[in-house]
Amino acid sequence: MAAATDDAGDSNEMIRVVSSDGEHFEMPEAAANLSLVLRHMIEDDCADAAGIPLAVVAAKPLAKIVDYCTKHAAKSSGLTIEEAEELKRFDAEFIEVDTDMLYDLLVAADFMGVEGLSKLAVQRTADLIKGKTPEQNRETFGIVNDFTPEEEEEICKENEWAFQITKPPSRLC
Amino acid sequence: MAADDRLSDLPDDLLCRILHFVPVREAASTSLLSRRWGSLWRSSGAVNLVEHVNNDETPETAELFCSRRHGAFLRAADAALASSCGHVTRLAVDVEVPNGCWIGKFLNGDETAGNTDVLDAVVSHPALRRLEELHLRVVASDHSVYGSLMEEEVRWNIGIYSLSLASLTFETLRALDITGCNMLDLPAACAFPRRLETLTLRHGDVELTRLQRVIDASPGLTTLHFESVFFITDNNSDDHYHGEVVDAGQACVHLRCPAATSLVLELDRSGGIGIDSPKLCSFRYKGLPRPLYLKSPAPDMTVVSLHFIHQMEEDTTRVNFWRFTHNFTDVKILKLVVHNLVHLAVAGKASRAELLRAFPNLERLLLEALEMPTVKKSAVAIANLLRCCPVLRDLTLKLIRTRWTASDWSNPYDKSRFQPDFDNSIDHFKRRTSNASLNNENSDRHGDEVSDIPALSRRRSFTCLQSSLRKVNLKFELSTLDCFGVQLVKFFAQNAMVLEEMCIDSGNRKLHDHMNLNVERWVGADSTKISLKRKNFAESSWEFSRVLPGSTTRFTVLPLER
């Protein structure tokens with residue numbers, strides 16, 4: 001930990017950010033640097049006491065993102081296996097969120113250019129889709145089926161290979 | 001559950017990035033979700049083929065099932081690859097069967113299927129001309145073959161299929177990741193031009209000269225990961241060279257990775273290894289303590305993790321262990337896992353001079369030992385390490401099976417033999433706790449005093465204890481109140497002069513039940529130096545202050561976070 005905290009300690013500055021709904025947050029500069037957008041703002045001297053405004057990120061996801069960046073910045077250099085695993089566990093717990101928060105994180109991480117978090121949210125969404133039938137996925141994500149039965153049948157035919165589920169006897173679409 | 005459909009509102013590129021990681025069947029079936037999804041999946045740039053055969057088939061049907069899946073898998077793979085718009089940049093094949101014997105049925109089908117090899121057919125598909133990532137994993141869950149006899153920490157798997165990438169041209173490949181392949185045939189160097197960045201091989205074998213050709217052809221190859229891999233070399237024989245490797249010519253395995261910054265080697269068998277990777281920043285090794293030779297210095301090496309598995313010969317192990325570490329004396333962070341702490345114990349001035357080297361930059365050290373020798377030898381081992389680390393700031397010791405010595409191996413799970421000890425300890429705690437809380441003033445400070453550790457007595461001074469060691473984490477199993485772990489706590493409390501924090505995990509009991517009472521007692525015996533300042537029962541943390549000539553320092557004792 002020594003190396004990591006030292007690095008964070010050297011540039012001890014706190015960066016303020018403001019959510020779209022006007023809430024203020026603070027994080028160490030090393031944490032803010034994990035966001036491409038914030039890093040550019042800091043480099044351009046746009047980080048001041050008033051805080052960097054993030055017009056499309058609401059307070060709820062921003063609080064999570066500040067959490068994520070702070071944790072990852074503290075552990076970024078010289079990771080031992082333990083720390084890497086601890087960070088993995090942190091990520092796994094961190095992303096256990098409802099779909100609403102997941103969408104917020106997907107959009108916000110993408111907007112702020114937080115690569116690690118973006119990947120994490122993308123992977124989590126992919127994991128939610130995995131192993132489910134289209135019907136189950138519609139239910140999970142609240143997707144409304146706007147196909148006519150004829151159209152549906154056509155799509156099934158077109159991608160027949162995809163709807164053969166692995167269990168015998170064959171259970172087709 | 002029917003919340004607003006915010007997923008479909010996401011921009012196309014985000015949805016494509018999500019679909020990039022979805023197995024191809026589910027990805028394709030998103031076309032049925034709604035018009036919004038349509039054929040978005042075709043643009044995800046990835047084809048992830050997943051086939052997991054469950055264990056609930058009976059052997060007869062399973063075999064049949066595997067061969068039937070062969071055809072379906074091929075058709076699905078072909079359709080998915082053919083229907084992806086643009087180029088596929090990621091191909092992942094993930095096959096799991098319960099029994100290694102059936103894998104042939106799945107991969108090759110039967111005669112009626114024309115014996116098409118699934119993997120050959122997939123990897124040579126024309127849609128993969130611009131492939132950037134190739135992940136192949138074919139495993140059988142029953143297939144852990146040899147090595148497991150010794151102990152649980154060694155479980156080398158071997159490959160269950162063979163694959164040739166020799167005739168393929170992956171000009172754009174950045175990541176190659178192959179699990180479970182024997183005799184992996186790699187392309188000639190010219191077919192892998194210059195873009196490869198990460199190379200991962202697991203559970204299989206590969207001819208070293210072919211591998212070296214690929215490495216040589218990839219100037220940007222920074223990450224190499226070899227896990228349970230056997231390198232086939234010209235001089236593979238069972239009588240490996242066991243002496244010290246002093247030059248490349250004596251190594252059984254010689255790897256030259258000029259661009260590598262990160263290298264993981266988990267190798268079975270023994271024999272010397274030579275490595276030439278001047279840019280390495282991190283190195284991880286798991287295997288037998290064996291001769292290792294770093295041909296060129298790696299000045300940027302900061303993190304090194306060495307996990308030495310059990311070897312019978314105690315003396316050879318000790319010599320190989322210390323000589324192995326000579327290659328990494330410049331590192332800042334070092335993790336060591338040893339089978340028995342005795343392998344670190346070097347007694348006698350002459351041997352120490354020969355085997356021990358200083359780690360002048362080492363700030364963090366993590367040592368894990370699975371077995372403990374006698375207290376005396378354990379102490380010698382810890383003393384050896386402390387002596388080698390003059391600027392150590394952060395020390396973690398995990399001494400896990402303190403109770404089990406080699407002779408206990410016959411039945412390590414027989415806890416009953418320790419029950420009397422355990423009950424005894426509990427009695428002590430109870431008595432101590434009530435003494436401490438009700439009648440602290442009169443409690444017997446000279447009762448069962450924790451003894452000093454001979455080799456670590458305070459007369460010896462270690463540079464790191466005087467000036468750098470700020471944090472100590474100790475994990476051990478509390479067998480008696482005078483066990484080595486408790487002795488270590490006492491040792492660091494009394495001798496680490498700039499200590500700020502000590503975290504302790506001594507099993508499943510709460511810290512304040514015993515540990516701090518002990519520390520408090522030692523304080524009592526040595527009150528000119530340290531005194532208890534504050535205790536916080538809620539957090540189980542106790543704060544001490546230490547008065548030194550000219551200054552006062554403070555340290556906290558906490559339970560170790562798990």
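Which pattern does chain A follow when read along the sequence? The answer is α-β-β-α-α-β-α-α-α-α-α-α, which amounts to nine helices and three strands. Helices here are DSSP runs of H or I with at least four residues, strands are runs of E with at least two, and both are numbered from the N terminus.

Before going further, a word on how to read the model. It is a predicted one, in which local features need pLDDT of at least 70 and side-chain atom pairs count only at pLDDT 80 or more, while totals for chains, interfaces and linings use all residues. Residues are numbered from 1 along each chain as its sequence is written, chains are lettered from A and ligands numbered from 1 in the order in which they are written, and side-chain values use heavy atoms, leaving out hydrogens and water.

Let us stay with chain A for a moment. Of its 173 residues, 40% count as buried, where buried means under 20% relative accessible area, exposed means over 50%, and partly exposed is in between (1.4 Å probe, protein chains only). The accessible surface of chain A is about 9,000 Å², and carbon and sulfur atoms hold 52% of that surface; such areas come from the Shrake-Rupley method with a 1.4 Å probe, and for residues only the protein chains shown count as cover. Contacts (heavy atoms within 4.5 Å) also tell us about the fold: among those in chain A with a separation of 6 or more, 56% are between residues 24 or more positions apart.

In chain A, UniProt places "domain: SKP1 component POZ" at residues 14–73, a span that is 45% helix and 20% strand, with its end C-alpha atoms 13 Å apart. UniProt also lists "domain: SKP1 component dimerisation" at residues 116–162 of chain A; that span is 68% helix and 0% strand, and its end C-alpha atoms lie 31 Å apart. For chain B, "domain: F-box" is placed by UniProt at residues 4–53, where the chain is 28% helix and 14% strand and the end C-alpha atoms are 36 Å apart.

Now look at where the two chains meet. In all, 52 residues of chain B are in contact with 51 residues of chain A. The size of an interface is often given as the accessible area lost when the parts come together. Here that buried area (the loss with a 1.4 Å probe, summed over both parts) is about 4,500 Å², with 61% given by carbon and sulfur atoms.

Side chains of opposite charge can pair when their charged atoms come close. A salt bridge is a side-chain nitrogen of Lys or Arg within 4 Å of a carboxyl oxygen of Asp or Glu, and there are six between chain B and chain A. In one of them, the side chains of A:D110 and B:R17 meet at 3.2 Å, N to O. This pair crosses from helix α6 of chain A to helix α1 of chain B. Another salt bridge brings A:E151 and B:R35 together at 2.8 Å, N to O.

With A:N159, the side chain of B:S31 makes a polar contact of 3.4 Å. A polar contact is a pair of N or O atoms within 3.5 Å; within protein, one must be able to donate a hydrogen and the other to accept it, and residues adjacent in sequence count only if both atoms are side-chain atoms.

Finally, return to chain A, where A:K71 forms a salt bridge with A:E86, the closest N and O atoms being 2.9 Å apart. A:K71 lies in helix α4 (residues 59–74) and A:E86 in helix α5 (residues 81–94), so this pair ties together parts that are 15 residues apart in sequence.

Methods. UniProt positions are given in the numbering used here, feature names are shortened, and annotations may be inferred rather than shown by experiment. Buried area is the accessible area (1.4 Å probe) that two parts lose on being put together, summed over both.
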